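Look at the model before reading on.

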Amino acid sequence: MKTKGMWVWLVIFLFLGGLVGLAQAKVRGQCSNCHTMHNSQGGSPMTFDNSTTPNRTLLRAANCLGCHSDSAPSGVQAVTPIVKHSSDPGYVFGSTRGSTLAGGDFYYVTLSDAKVHNVDELGNNDDVLNAPPGYVYNGDYGRGNGTWPSGRAVSCAGTYGCHGDPSKEDPFASIAGAHHANINRTGTGNATTVATSYRFLLGIYGTEDPDWEGGTLDTSHHNGYYAVDRSTVNSYTAPDKHTINYLCGECHGNFHAQIDYDSTVGSPWIRHPTDYDMNNVKTKEYGNYPNTALFSGKYGVSAAGDYFVDVPVGNNQGAVKSQVLQASGDAIVLCVSCHKAHGSPYDDLLRWDYSACQAGTGNATSAANCGCFACHTTKY
């Protein structure tokens, strides 16, 4: 009986240990998955690209995509979000995520520059754009010391990237230490370091889906985006720098701030609003988000107010909400309501094919391919 009791306790210990391992967001696994001491084993280089030149911080990858792509060794892929696949990851709006995660996939650069953020690490600079569209440097928005250097590609991290500390231009330096101090980030507060910020986006609040929206995906399983309603201020009021919309606005400031000319944010719009709570117009068509006539059955949507993961909205708690339009501040329009951060099969990194959206046809089958109608519920 004593031996049997010991086995029971051992099983319980291993089970609890496994839960702890799953709950830890910081990088885990063998050190040698990512690092090499001398870039040499049996006379051969240990870098993932077989370069004889050692990488910084003893890493086996030369840049972020060295670990965050499906060309990385399986041990690395098992513990990192893969954001660049070598073949079509299979995203189709409202239908399947395939292998794509919440931010989309850089694979789609193989289709067109218009479908991804052409990060420097792709080695494929944008053939059309020399700076981020809508870039402005005015104290609230902008990166670096002023104008965007013409032809400077955006990078994964650093001053000209999204992740890491923007005060450091070097992507390695801007992200240093974050992987080993990462937390399971939730809600608001404690975004003072890269490691404790939402998805290593310094200062940004929110709740991280533990598998980056790569597993179960429905009204209750998804990221929680922090946003604020700016309908009582004017476009020139300083932004809340903890919102996911502000993060986008750092490079696309005019698209975020300059959305109307009035003393308060609201109609008539001159650009599509963000940081606007649809509860303000709940009595109109927006109260029927996410349009069950078109999207019922998609990722658990069955009733008005259900959260639709392919047209996400934010809230002022940065929380995961299965239903929205229940209280003020829980249905705020985001940049990522319409766009993917990394890339998509559609132009302008959109979540759906905007060029195929047809208003006023009454064709529900066709309209179900257009995410615009999740909010503009009477326009199809």
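Glu250 counts as buried, at 9% relative accessibility (buried: under 20% relative accessible area; exposed: over 50%; partly exposed: in between; 1.4 Å probe, protein chains only). This is a predicted model: local features need pLDDT of at least 70, side-chain atom pairs count only at pLDDT 80 or more, and totals for chains, interfaces and linings use all residues. Residues are numbered from 1 along each chain as its sequence is written, and side-chain values use heavy atoms, leaving out hydrogens and water.

**Salt bridges**
- The count comes to 8 salt bridges (a side-chain nitrogen of Lys or Arg within 4 Å of a carboxyl oxygen of Asp or Glu).
- Glu250 pairs with Arg143 in one of them, at 3.1 Å, N to O.
- That pair links distant parts of the chain, 107 residues apart.
- Arg143 is buried too, with a relative accessible area of 5%.
- Asp310 and Arg97 also meet in a salt bridge, at 3.1 Å, N to O.
- These two lie 213 residues apart.
- Asp310 is buried at 0% relative accessible area, and Arg97 is buried at 6%.
- Arg199 and Glu208 form a salt bridge at 3.9 Å, N to O.
- Both Arg199 and Glu208 are buried.
- Shared partners join Arg97, Glu213 and Asp310 into one network of salt bridges.

**Surface**
- Ile270 is partly exposed, with a relative accessible area of 38%.
- Tyr236, Tyr261 and Ile270 form a nonpolar surface patch, together about 390 Å² of accessible area (Shrake-Rupley method, 1.4 Å probe, only the protein chains shown counting as cover; patch residues have over 30% relative accessible area and no salt bridge, with like charges joined within 9 Å and nonpolar side chains, Val, Leu, Ile, Met, Phe, Trp and Tyr, within 5 Å).

Notes
Helix = DSSP H or I, 4+ residues; strand = E, 2+ residues; numbered from the N terminus.
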